[in-house]
Amino acid sequence: GGQAEGGERRMAALGGVASYMIEGFTEGYENPRGIPRAEFPDNIEEFVTKRGGPDNAVNECRQLYSKYKVLESTLADRKDAVKARKPDLTRTLEMIKFLKKKNEAGESFETTFKLSHNVQCEAEIDATTDKVLLWLGADVAIEMGFDEALDIIEGNILDNEQHLGRLEEDLAYLKEQIVTMEVTIARAYNHGVALKRQKDGK
């Protein structure tokens, strides 16, 4: 029951993100992590005038553009780190399931384990083994039964997938804002060029 529910939660989380990404971002969308929406001015002349001229407008836009790019880089690195955790979590989940299956069947088996960086040792896992040690980080491990360990790892996988979904959402939204800023910078610059030509023409 718990494992089936965990699978359903994962599907719901991933399905929500996937459909959202396909539909895109509506005008009423507000980023849950507070990433501001880039303004796309309908009237570029009014936009430039409010900011004291083309140079000021371009500089203001470039500053915001730079902030978007820095955030994009930070989130991309974070996304890579989150994705890198998934294989380890998946392998851990499969190993716990394997140990539980062997225990229920009353089957001992031989394996190798890492003793140090370049040293591996052979060991026999007794069929009566009904607990595992889960590393929590900071050199801390806790002994627990198979079912409890499965619940924890499945929860970690779900959290990992949801975190990845949020990062993908933010990166897609950032990309849209960056494109908007690039267009606005070009429009403000071109408006400045047009004003200069008018002035020189006079």
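How many helices and strands make up the secondary structure of the protein? The protein has four helices and four strands, where helices (H or I, at least four residues) and strands (E, at least two) are DSSP runs numbered from the N terminus.

**Figure 1. Overview of the predicted model.** The structure is a predicted model, in which local features need pLDDT of at least 70 and side-chain atom pairs count only at pLDDT 80 or more, whereas totals for chains, interfaces and linings use all residues. Residues are numbered from 1 along each chain as its sequence is written, and side-chain values use heavy atoms, with hydrogens and water left out. Along the sequence, the elements follow the pattern α-α-α-β-β-β-β-α. Of the 202 residues of the protein, 27% count as buried, a term that means under 20% relative accessible area, with exposed meaning over 50% and partly exposed lying in between (1.4 Å probe, protein chains only). Among contacts (heavy atoms within 4.5 Å) between residues at least 6 apart in sequence, 67% join residues at least 24 apart.

**Figure 2. Close-up of the edge-to-face pair of F25 and Y173.** A search of the whole structure finds four aromatic pairs, for which rings of Phe, Tyr and Trp (its six-membered ring) must have centres within 6.5 Å, planes under 30 degrees apart being called stacked, those over 60 edge-to-face and the rest tilted. In one of these pairs, the ring centres of F25 and Y173 are 5.2 Å apart and the planes stand at 65 degrees, so the pair is edge-to-face. Because F25 lies in the loop between helix 1 (2-23) and helix 2 (44-50) while Y173 belongs to helix 4 (residues 146-201), the pair ties together parts that are 148 residues apart in sequence. F25 and Y173 are both buried, and ring pairs link F25, Y29 and Y173 into a cluster.

**Figure 3. Close-up of the edge-to-face pair of F98 and F109.** With ring centres 5.0 Å apart and planes at 75 degrees, F98 and F109 form a pair that is therefore edge-to-face. The pair links distant parts of the chain, as F98 is in helix 3 and F109 in strand 1 (residues 109-116), eleven residues apart. F98 has 36% relative accessibility and so counts as partly exposed, whereas F109, with a relative accessible area of 15%, is buried.

**Figure 4. Close-up of two arginines placed over phenylalanine rings.** A charge sits over a ring if NZ of Lys or CZ of Arg is within 6 Å of the ring centre and within 35 degrees of the ring normal. The charged end of R51 sits over the ring of F47, at 3.8 Å from its centre, and R187 lies over the face of F40, 4.8 Å from the ring centre.

Figure 5. Rolling a probe the size of a water molecule over the atoms shows where empty space is left. On a 1 Å grid over the protein atoms alone, a cavity is a set of points where a 1.4 Å probe fits but cannot get out, a pocket is an open set with protein on both sides within 12 Å along at least five of seven lines, and lining residues have an atom within 4 Å of a point. Grid points are joined across faces, edges and corners, and a volume is the space filled by probe spheres set on the points. The whole structure holds one cavity of 30 Å³ or more, and the largest cavity has a volume of about 50 Å³. Its lining includes L99, K102, N103, E107 and F109, and helix 3 (residues 54-105) gives the most to this lining, with three residues. By class, the lining has five nonpolar, two polar and three charged residues, where Ala, Val, Leu, Ile, Met, Phe, Trp, Tyr, Cys and Pro count as nonpolar, Asp, Glu, Lys and Arg as charged, and the others, Gly among them, as polar.

**Figure 6. Close-up of the largest pocket.** The largest pocket contains about 730 Å³ of space and is lined by 21 residues, of which T92, M95, L133, L134 and W135 lie nearest its centre. Helix 3, strand 3 (131-137) and helix 4 each supply at least two lining residues, with helix 3 giving the most, eight residues. The lining divides into 13 nonpolar, three polar and five charged residues.

Figure 7. A149 is in helix 4 and, at 0% relative accessibility, counts as buried. L93 is found in helix 3 and is also buried, with a relative accessible area of 8%. The C-alpha atoms of A149 and L93 are 8.5 Å apart in space, although the residues are 56 apart in sequence. Not counting residues up to four places away in sequence, A149 touches I96, V132, L134 and M144, and L93, with its neighbours within four places likewise set aside, is in contact with L150, I153, E154 and I157.
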